[in-house]
Amino acid sequence: MEDVAGNARTADAAILVDNRPPAAGTLALAGEAAVSEALTAEPTGFAGQDVAYAYRWQRCDASGEECAEIGGAVERTYALRSGDVGRRVRAVVAASDAGGSVRVASAPSAVVADDRGTGPSGGFSAAAPSSPEGRLTAWLERGRRRLHTTTVRWPTRVRIRGRLTDRAGRPLPRTAVRMLERIDGRRWRAVTGVRTRRDGRLTTFTKIGPSRHLRLVYGRAVAKLRLRVRATGHVRVRRAGGLTLVSGRLLGGRIPPAGVRVRLQARRGASWSTRAALRTDGLGRFSATGRAPAAVRLRIAIPAQPGYPFARGVARP
């Protein structure tokens, strides 16, 4: 660059141009192939810029060679149903970024068994008997504390521990326990279950996501848990002359089409005050422009609100 006085300056900057789709990774299935259980797609190794995943599920014949899409099965976890018995199931993921998308299919699952003991392949079904008798306890573990309700910040996973015994208190080893979840504002659905160890104890983790209720079920025995997840986001503050530009987006997804209400707050001294009320777009993005002294600290407060399944939270630069 050269000004009117003939003074010249040069500047170097790196620019990242994303014109290629993500590098293809692999897709595996986690869970038991039995009715009343669920399979979860586990993508790994997809390299790209801000990769997003979209899922479809397919039902295959017993050989796993002929497959067709299952209508409405577009979540990461698929609850197996009676129509899957004797078939195999696989997941297909479309990994996308600004440069395009790539599709990868998982290997087909084992032949899906029914819920009465053995499936068409003769293997043992992971589903519990129709009316088992047992005592089931479970809790959310935070450090040394055992909790039935806890609050975490996205994207935290919480360990679930528990124990399954018969009525006499004897441990039930290698026994399948069903898991169900209800994301705030949604219906109950089956998720990947867990199997007890030889001592009747079980361990699993909550998956990353919004606030939800959880149930672990063995016959008539039910353990209920509640996980609240605080909202958060990325915030960027830039200063141009006398103006301050604040922009960012909420993390965790589940943004309603009408967006989410957020508050731009400033702090000078001991308290925060709201400077502007904002609403994100349907992708969770927000921005604001105004005047603020450089010494002022800024943050985005995200209140709890209908249609957005997260607890109140904050996002800071």
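Is Tyr308 buried or exposed in this model? Tyr308 is buried, with a relative accessible area of 4%; buried here stands for under 20% relative accessible area, exposed for over 50%, and partly exposed for what lies in between (1.4 Å probe, protein chains only). The model is a predicted one, in which local features need pLDDT of at least 70 and side-chain atom pairs count only at pLDDT 80 or more, while totals for chains, interfaces and linings use all residues. Residues are numbered from 1 along each chain as its sequence is written, and side-chain values use heavy atoms, with hydrogens and water left out.

**The chain as a whole**

- The protein chain has 0 helices and 23 strands; helices (H or I, at least four residues) and strands (E, at least two) are DSSP runs, numbered from the N terminus.
- Of the 317 residues in the protein chain, 41% are buried.
- Take the contacts (heavy atoms within 4.5 Å) between residues at least 6 apart in sequence: 61% of them join residues at least 24 apart.

**Nonpolar cores**

- The largest nonpolar core has 42 residues, and the members that touch the most others are Leu136, Leu216, Leu250, Ile300, Ile302 and Tyr308.
- Strand S16 (residues 221-230) gives the most to this core, with 5 residues.
- A core of this kind is a set of buried Ala, Val, Leu, Ile, Met, Phe, Trp, Tyr and Cys residues joined through side-chain atoms within 4.5 Å.
- Leu136 is worth a click: beyond its neighbours within four places in sequence, its contacts are Arg163, Leu164, Val177, Leu202, Leu216, Val217, Tyr218, Ala221 and Ala223.
- There is also a second, separate core of 19 residues, with Ala33, Ala41, Val89 and Ala91 among them.

- Strand S15 (residues 212-218) is mostly covered, as 5 of its 7 residues are buried.
- On one side, S15 pairs with strand S12 (residues 176-183) in the antiparallel sense over 6 bridges; strands count as paired if DSSP finds at least two bridges between them.
- Val217 of S15 is the bridge partner of Arg178, and Val217 also has Val222 in S16 as a bridge partner.
- S15 and S16 pair in the antiparallel sense too, over 7 bridges.
- These two strands form a hairpin with 2 residues between them, and Gly219 in the turn has a positive phi of about 60 degrees.

**Strands S3, S4 and S6**

- Strand S3 runs antiparallel to strand S6 (residues 88-97), and 9 bridges join them; Tyr55 has Val93 in S6 as its bridge partner.
- S3 also runs antiparallel to strand S4 (residues 67-69), here with 3 bridges, and Arg59 stands opposite Ala68 in S4.
- The hairpin of S3 and S4 has 6 residues between the strands, and Gly64 in that hairpin takes a positive phi near 80 degrees.

**The disulfide**

- The structure holds 1 disulfide, a term for a pair of cysteine sulfur atoms within 2.5 Å.
- Cys60 and Cys67 are the residues joined, with an S to S distance of 2.1 Å.
- The link of Cys60 and Cys67 is right-handed, with 105 degrees about the S-S bond.
- Its two ends fall in separate classes: Cys60 has 0% relative accessibility and so counts as buried, whereas Cys67 has 26% and so counts as partly exposed.

**Aromatic rings**

- The structure holds 4 aromatic pairs.
- Trp57 and Tyr78 have ring centres 5.6 Å apart and planes at 25 degrees, so this pair is stacked.
- That pair links distant parts of the chain, as Trp57 is in strand S3 (residues 52-60) and Tyr78 is in strand S5 (residues 77-79), 21 residues apart.
- Trp57 is buried at 0% relative accessible area, and Tyr78 is buried at 3%.
- Tyr308 and Phe310 make a tilted pair, 5.0 Å centre to centre with 40 degrees between the planes; Phe310 is buried, with a relative accessible area of 4%.
- Rings of Phe, Tyr and Trp (its six-membered ring) pair if their centres lie within 6.5 Å, and planes under 30 degrees apart count as stacked, over 60 as edge-to-face and the rest as tilted.
- Ring pairs also link Phe46, Tyr53 and Tyr55 into a cluster.

**Charges over rings**

- Arg146 lies over the face of Trp139, 4.0 Å from the ring centre.
- Arg299 lies over the face of Trp272, 4.3 Å from the ring centre.
- A charge sits over a ring if NZ of Lys or CZ of Arg is within 6 Å of the ring centre and within 35 degrees of the ring normal.
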